[in-house]
Amino acid sequence: MAKEIGKDRFGDFYKDGGKVRKRREWRGVEDTLYDYSRWLVIMGTLGKFMMKPRNVKAFFRYRWMANYLAVPMMVDRHTQGLRGEYLRICHTEQDLIIDDVAKLLDNLFRGDRRTGNDTEFSKKVVLVDENEMTAVMMGFPTLKCLSRETPSTYVSVLLNQHAAEHYIDVAQEFGLAGDVCPMPEAEAGVSIDDDAPVLGACAIQCNTTCDGSLLGNGVISRRLELEDGIPVFQLAAPLRHREDDVQEYAAQEIRNAIAFIEKHTGEKWDWKEYFECAKRVNYATRCRQEWLEMNRTPYPQVFGSNLALYTETNYMAICGRIAAFEKADRKISKLARQAYEKKKRAAKEYRHRAIIWGVQSHYYMDFLVWLLNCWGIVPLTDMLSMVSTRELAETDTPENRETAIYDMAWLTENMIMRNRTHGGYKVLLDELWEFTQQFNADMVILWEHMSCKALTGMHGMFEDRARELGIHLVWVSHDLFDPRIISRQGVRDQINNYMRTVMREEPIDPSLEVLHDEESW
Amino acid sequence: MKDLKHLIYFEQLLLEANNELIRQAREDGKICVAYTCENTPEPLMNLPGTFSARLRAPRTGSMEVATYYLTSFLCEYSRALLERAIEGGYSFADCIITPDGCSMMNRCVENMELLKTMGKDKPKFFYEYMEIPMKGDDNGLNLYVLQCRNHILKPLAEHYGIDISDAAIRKAVAEHNKVCELIRAIGEYRKDEQPRITGYEFHILTLATYACPKYLLIDKLEETLEELKTREPDEKFPYRARVVVVGSEVDDLDFIKLIEDSGAYVCADRFCYGSLPGRDPIVLTDDEDALTQICRQYMQRAECPRYMDMPKMQGRRQYVADTAKEYGADGIIYEQMKFCDPWAYEKMLGSHILREDFGYPVLAVDRPYSIATSGQMRTRVQAFVESMEIKKIQKEGVANG
């Protein structure tokens, strides 16, 4: 038990076959107390949630709800080894995300025909995809923009690595080929299993990241529209999003989506609210830019899975609509500056500076924490955090109202992941090497999500370019939502093998090299 | 039945990507526009002075180099094309135009470009990538028109001085329609109770119209149509059931043959490289420019699963049911190439809907690019044929009391 960073053998915290770790981490009096107080806050959030009878009912109705028992453990996984400002940054991000997801669940069950059945509330709900940019909801302050897929599949897998397996199996038993991406596959499985809350005045689907997500929506919309009677608008975002000659198409889709929402909810688009949200989006962009700027120096502060998860939530799911995230941005920036000025580091030893590219494994999001603690590989930034940095028009003028339509279209086209998996090889391949140079990285950890065709379709070119540039390229294969294909240890072994055989290095913390966490949350 | 006079000729054409007619058209001084996806309007690539060739990789063997670049998780069609491109098998092309129809096709062509597989000795060679609509609406039409103008017509005019006027497009449509009408007329014979053309023979003819310059095929297709008018069908229908094949890209000669060898007559072809709806003639009027009319008809008739709006999704399944009814099918075979995302989903939903809502027996299979003599596939088709026969017998039993 040690106060100093890196004194603990983190592997000793795991127990064979256990879902949770043996004990909490001792971080010194101040940090342990802080961490424990945050743990209590999380328990309070969960407790408050379960006080409502409709939520208890939902807990037993929806299979995936059981995964939410693992919330505190998820935070613990991401705070491993953190002290001082790093610990506080992590909690600021994660606790806010937890609070946001708890509210999302509460709202879903409030309107759900099977549990809360608040019909008046349901009329004010617009359903959106899990991986969808919510820009089109920025001007509807009185409506609730809710995603059913976020809690049922996306967050569930972050909490419990085995959460999606049942739904993947359901989809395959129904006849879906086993080689498609498990994310839309699991979402389709939830729909086939009829295991999603039923509510809403209408739904907005989008061709988000890939062919799989586009087609998976077809399964969901069939149930929504034909069985549940909830009208669905398919928002088609162009794939070649960097091209000028697709922007008018994208903008018209936004206009059509807004008109569809107005028609089905009776609400009117509010420009004042939109521009307020746009200001918050711009602020979040500036903060993210500042953090990334720090990460180019020897003293990165906001990085790893925290950066990825927070960016994904704030940039895409929130999109300026919730003021609490602006407050969190401010707090995180302040803590980061503070640590940067003191030249603080998050781990005992920094050996390699890495760009994390590709689509990360959802069942092992804390892999980046492991990289740092086990091998001293600093995950400076990742593909999902390298999103649009374009500033939105934020003053309400007639010209800006027209610009705003194009801004929303741009954000929708550039939602997380799709801004790299679509748009041609320049955004996926060429820009990686530019980032490698900008961040002074000597290593690229390339998540090879095996069923992501857009990514694996550049496999050979990644290899060729890395060889030309003399960058260490480490492939980490995984199957996104399904640890039965490649386990967490299987993921780690790919790094272990590279570091030992190619780099000829020894781990900083050997206890982390092999972990028996097959059953762990 | 007596063999079709030109069948071997057509089969020979399909054994090479760089076939005899492509060589002849190039000797005629025509520009070869290579393409990979059915969503690229063909008449726009068959303007005076150009001809289109939809890329295939017949007699594909090893795909090791392409598998290194694309991994084994991409469909074999995209890998086979890349492998052939790396081998220099598409040196006849003067440009390549591809929409982002699916991620795999996009990556395949991007790798062709990055690896400089084509156009080394052709300074005017170009690669063009197009955005195509995902919904059948006015916004989609505007996009389609703009994209065809910017990524097909303009580059052809700028690089090769091709006439892209409305008159030139109309001329191309007329030639395109001639081929479509011939294929359609030949295909009509598949509706007969005693068909005078096999599904395999029809597949060969249709496939040739995608892979060869159309204007060089017309006389042989006309002769074949004439021949069919007097061709005597077999006295007894030699198959045990009639099926519609629905699904992803099929340019393999053996797949349809295998199905028919297993006892199922392929009476209709609703797949990429098939004639439904790929060989629907394009009807032009004089009150609107030809480009817009072509795009509208391509968009409206498209049966590609990348179209994501509800009317299109519902329409796809209705189209299959209508086709099955029109061609007197007993059952439907949904096929997808392994690793094809769009058809994986469409096959899953389509097979349930056609079975449950429309009452057709359905077989859903996935397959490699080149099926050759797959015992597994043969067994599955045979079992499907048997199941349809049993259902028929049971139905007849009920009808007879």
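These legends go with several close-up views of a predicted model.

**About the model.** Residues are numbered from 1 along each chain as its sequence is written, and chains are lettered from A and ligands numbered from 1 in the order in which they are written. Because this is a predicted model, local features need pLDDT of at least 70 and side-chain atom pairs count only at pLDDT 80 or more, while totals for chains, interfaces and linings use all residues. The pLDDT is the predictor's confidence in each residue, from 0 to 100. Chain B averages 96, and 100% of its residues score at least 70. For the complex, the predictor gives an ipTM of 0.95 and a pTM of 0.96.

**View 1. An open sheet in chain A has four strands in the order E2-E1-E3-E4.** Helices (H or I, at least four residues) and strands (E, at least two) are DSSP runs, numbered from the N terminus. Two strands pair if DSSP finds at least two bridges between them; here the pairing is parallel. Strands E2 (144–147) and E4 (232–235) of chain A each have a single partner strand, so one side of each lacks a neighbour in the sheet. From one strand to the next, the twist averages 25 degrees (axes are lines fitted to C-alpha atoms, for helices over the stretch in contact, and angles run from 0 to 180 degrees between N-to-C directions).

**View 2. Strands E1 (residues 125–128) and E3 (residues 202–206) of chain A are joined by three bridges.** Look for Leu127(A), whose bridge partner in E3(A) is Ala203(A).

**View 3. Chain B has an open sheet of four strands with parallel pairing, and a helix packs on this sheet.** The strand order is E2-E1-E3-E4, with E2 (50–54) and E4 (126–130) of chain B at the edges. Three bridges join E1 (residues 31–35) to E3 (residues 95–99) of chain B, and Tyr35(B) has Ile97(B) as its bridge partner in E3(B). Helix H6 (residues 138–160) of chain B touches E1, E2, E3 and E4 of chain B, and its direction makes about 165 degrees with that of E4(B). Residues are in contact if their C-beta atoms, placed from the backbone, lie within 7 Å.

**View 4. Val244(B) belongs to the largest nonpolar core, which has 306 residues.** Such a core is a set of buried Ala, Val, Leu, Ile, Met, Phe, Trp, Tyr and Cys residues joined through C-beta atoms within 7 Å; buried means that 20 or more other C-beta atoms lie within 10 Å of a residue's own. Val126(A), Val243(B), Val244(B) and Ile332(B) touch the most other members. Leaving aside neighbours within four places in sequence, the contacts of Val244(B) include Cys267(B), Tyr327(B) and Ile332(B).

Technical notes
Contact = placed C-beta atoms within 7 Å. Buried ≥ 20, exposed ≤ 12 C-beta atoms within 10 Å, placed from the backbone.
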